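Please go through the structure shown here.

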Amino acid sequence: MNFDNCRDCGQTIRWANKQDGKSMPIDPAPSRHGYIRLASENGVDRAIILRGQRLFRARAEGEKLYQSHVTTCEAREQEAS
Ligand SMILES: [Zn+2]
């Protein structure tokens, strides 16, 4: 596992690779608002973003899901999307 500290708020984060290969900061604790499945592949943490039915099913089955730290970071202003 690849732990680090957020350079904006100092909170512990984990780095995981998205499907496109870019790394993404993840909150280390699962959340009931989570939508990211963490999987380990050859020692690399992968972040799989769940949507729609896949997300619904994973939550219904009680799977531990995680949030991107970008959405929870208290030091960062929420960007309008
Ligand atoms: Zn932060």
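Predicted model: local features only at pLDDT ≥ 70, side-chain atom pairs only at ≥ 80, totals over all residues.

Residue numbers start from 1 along each chain as its sequence is written.

**Fold and dimensions**
- The chain has five strands and two helices (DSSP runs numbered from the N terminus: helices are H or I with at least four residues, strands are E with at least two).
- Their order along the sequence is β-β-β-β-β-α-α.
- The radius of gyration is 13 Å, close to the 12 Å from the globule rule for 81 residues, so the chain is as compact as a globular protein of that length (taken over C-alpha atoms; the rule is 2.2 Å times the number of residues to the power 0.38).
- The C-alpha trace spans about 35 × 30 × 20 Å along its principal axes.

**Burial and core**
- Of the 81 residues in the chain, 16% are buried (20 or more other C-beta atoms within 10 Å of the residue's own, with C-beta atoms placed from the backbone).
- The largest nonpolar core consists of eight residues: Ile13, Ala16, Met24, Ile26, Ile36, Ala47, Leu65 and Tyr66 (buried Ala, Val, Leu, Ile, Met, Phe, Trp, Tyr and Cys residues joined through C-beta atoms within 7 Å).
- Strand E2 (12-17) and strand E3 (23-26) are the elements that give two or more residues to this core.

**Helix H1**
- None of the nine residues of helix H1 (residues 52-60) is buried.
- Glycine 62, which follows H1, has a positive phi near 75°.

Key: Buried ≥ 20, exposed ≤ 12 C-beta atoms within 10 Å, placed from the backbone.
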